[in-house]
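The sequence and the model are shown first.

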Amino acid sequence: MFSFDSSVKEPEAFEQPAWWYLFQGHRLLVHADPSETNSLYQPFYEADIRSNWPEIKRIHFLGAKDSTPCYVAEIDRDLTLPAEVKTMSLRRLFGQMSKTHLGIAGRAIQILNWDRNHQYCGRCGTLTTITDDDRAKECPSCKLRAYPRLSPAVIMAVTHGEKLLLGRSSRHPQGFYSVLAGFAEPGETLEETVTREVFEEVGLDVKNIRYFGSQPWPFPDSLMIGFTCEYASGDISLTDSEISEAEWYSVDEIPAARPPAEISIAGQLIDWFIANNTIDR
Ligand SMILES: [Zn+2]
């Protein structure tokens with residue numbers, strides 16, 4: 001089980017190496033040759049990296065993984081990197097970096113984005129300062145605090161007997177199907193979000209909404225909250241331009257082009273449906 005001691009209290013001295021999650025834009029710096037680490041890319045494991053990379057900025061202590069300190073920082077977009085270093089997007093690193101490092105990198109980019117996006121107070125425009133007791137940026141003038149943003153989104157497997165509803169998002173390529181998803185609105189319970197999103201996207205009413213699991217999705221700041229639910233009434237009608245196609249699929253009909261369960265809760269929901277509908281055969 002992945003465990004991480006999140007903290008803003010930085011160790012007083014660099015007595016041991018730390019994991020450094022360095023970003024250039026939204027891409028993580030990794031060692032270019034992963035052959036010595038089971039072909040998995042790794043962030044930097046060094047003591048105070050500032051002596052090698054004097055250009056780094058927006059340094060934030062994230063916490064510790066197994067007592068090893070973890071930091072995030074960024075380097076300028078136009079800085080030329082040495083040949084032994086390359087940058088990769090977090091999406092590309094799925095399956096090519098350990099889940100532990102990928103999980104911490106997902107935290108790291110969200111902390112970095114929060115620092116980048118809240119340099120000035122959103123209320124009065126004063127330059128903000130970082131508080132030392134909490135993950136917050138505070139306006140010295142009006143005291144408004146800005147915390148890292150999380151955007152909760154529901155993702156749901158809608159079943160109808162032995163069939164699962166899959167749709168193709170207009171953002172996805174032809175033939176790529178997944179379960180439905182959508183962002184929570186202010187004032188909604190997550191169950192209300194599930195009901196509203198399914199109705200908006202495909203015109204169906206659902207019942208028996210049950211929590212399934214959750215997954216941080218740092219693109220850029222989502223928290224995906226998974227549910228299962230059952231068809232209650234209605235006919236599929238695509239009123240929302242986000243969904244280009246939607247149809248009921250039995251286990252045997254589920255298209256091969258879909259999100260993999262190893263990296264996404266969407267894939268785990270589809271696998272859950274498959275497992276629940278193949279046991280008795
Ligand atoms: Zn202010």
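**Overall layout**

The structure is a predicted model. The protein has 281 residues, of which 26% count as buried. Its secondary structure comprises 4 helices and 16 strands. Taken along the principal axes, the C-alpha atoms fill a box of roughly 60 × 50 × 35 Å. Among contacts between residues at least 6 apart in sequence, 63% join residues at least 24 apart.

**Domains**

The domain assignment gives domain 1, covering 5-117, and domain 2, covering 151-276. The C-alpha centres of domain 1 and domain 2 are 33 Å apart. The contact between them takes 7 residues from domain 1 and 6 residues from domain 2. On the side of domain 1 that touches domain 2, α2 gives the most, with 4 residues. The residues of that side of domain 1 divide into 3 nonpolar, 4 polar and no charged.

**Nonpolar cores**

In soluble globular proteins, nonpolar side chains tend to be buried together. The largest nonpolar core in this model has 27 residues. Those with the most contacts inside this core are Ile155, Met156, Val158, Val179, Val194, Val198 and Leu269. At least two residues of the core come from each of β11 (151-160), β12 (163-169), β13 (180-183), α3 (190-202), β14 (205-217), β15 (222-233) and α4 (265-276). A second, separate core has 23 residues, including Phe23, Val30, Ala105 and Leu112.

Which residues are in contact with Val194, leaving aside its neighbours within four places in sequence? They are Val154, Met156, Val206, Ile209, Phe227 and Cys229.

**Strand pairing around β11**

| Strand pair | Sense | Bridges |
|---|---|---|
| β11 and β15 | parallel | 9 bridges |
| β11 and β13 | antiparallel | 4 bridges |
| β11 and β12 | antiparallel | 2 bridges |

Met156 stands opposite Phe227 in β15, and it also stands opposite Leu180 in β13. His160 has Lys163 in β12 as its bridge partner. β11 and β12 form a hairpin with 2 residues between them. In the turn of this hairpin, Gly161 has a positive phi of about 60°.

α3 has 13 residues, which should span 18 Å at 1.5 Å a residue; its end C-alpha atoms are 18 Å apart, so the two values agree. The buried residues of α3 are Thr193, Val194, Thr195, Glu197, Val198, Glu201 and Val202. These buried residues pack against β11, β12, β13, β14, β15 and β16 (243-249). Gly203 follows α3 and has a positive phi, near 75°.

α4 has 12 residues and reaches 16 Å from its first C-alpha to its last, close to the 16 Å expected at 1.5 Å a residue. Its buried residues are Ile265, Ala266, Gln268, Leu269, Ile270 and Phe273. The strands against which the buried residues of α4 pack are β11, β12, β14 and β15.

An open sheet is formed by 3 strands in the order β8-β9-β10, with antiparallel pairing. The edge strands are β8 and β10 (145-146), each of which pairs on one side only. Strand β9 (residues 137-138) is joined to β10 by 2 bridges. Glu138 stands opposite Arg145 in β10.

His118 is found in the loop between α2 (99-117) and β8 (129-130). Is His118 buried or exposed? His118 has 21 other C-beta atoms within 10 Å, and the cut-off for a buried residue is 20 or more, so His118 counts as buried. Leaving aside its neighbours within four places in sequence, His118 is in contact with Thr128, Lys137 and Ala146. His118 and Cys139 are 21 residues apart along the chain, and their C-alpha atoms are separated by 9.8 Å.

Note on methods: Residues are numbered from 1 along each chain as its sequence is written. This is a predicted model: local features need pLDDT of at least 70, side-chain atom pairs count only at pLDDT 80 or more; totals for chains, interfaces and linings use all residues. A nonpolar core is a set of buried Ala, Val, Leu, Ile, Met, Phe, Trp, Tyr and Cys residues joined through C-beta atoms within 7 Å. A residue is buried if 20 or more other C-beta atoms lie within 10 Å of its own, exposed if 12 or fewer, and partly exposed in between; C-beta atoms are placed from the backbone. Two residues are in contact if their C-beta atoms, placed from the backbone, lie within 7 Å. Domain bounds come from an automatic or database domain assignment. Ala, Val, Leu, Ile, Met, Phe, Trp, Tyr, Cys and Pro count as nonpolar, Asp, Glu, Lys and Arg as charged, and the others, Gly among them, as polar. Two strands pair if DSSP finds at least two bridges between them. The expected span of a helix is 1.5 Å times one less than its number of residues.
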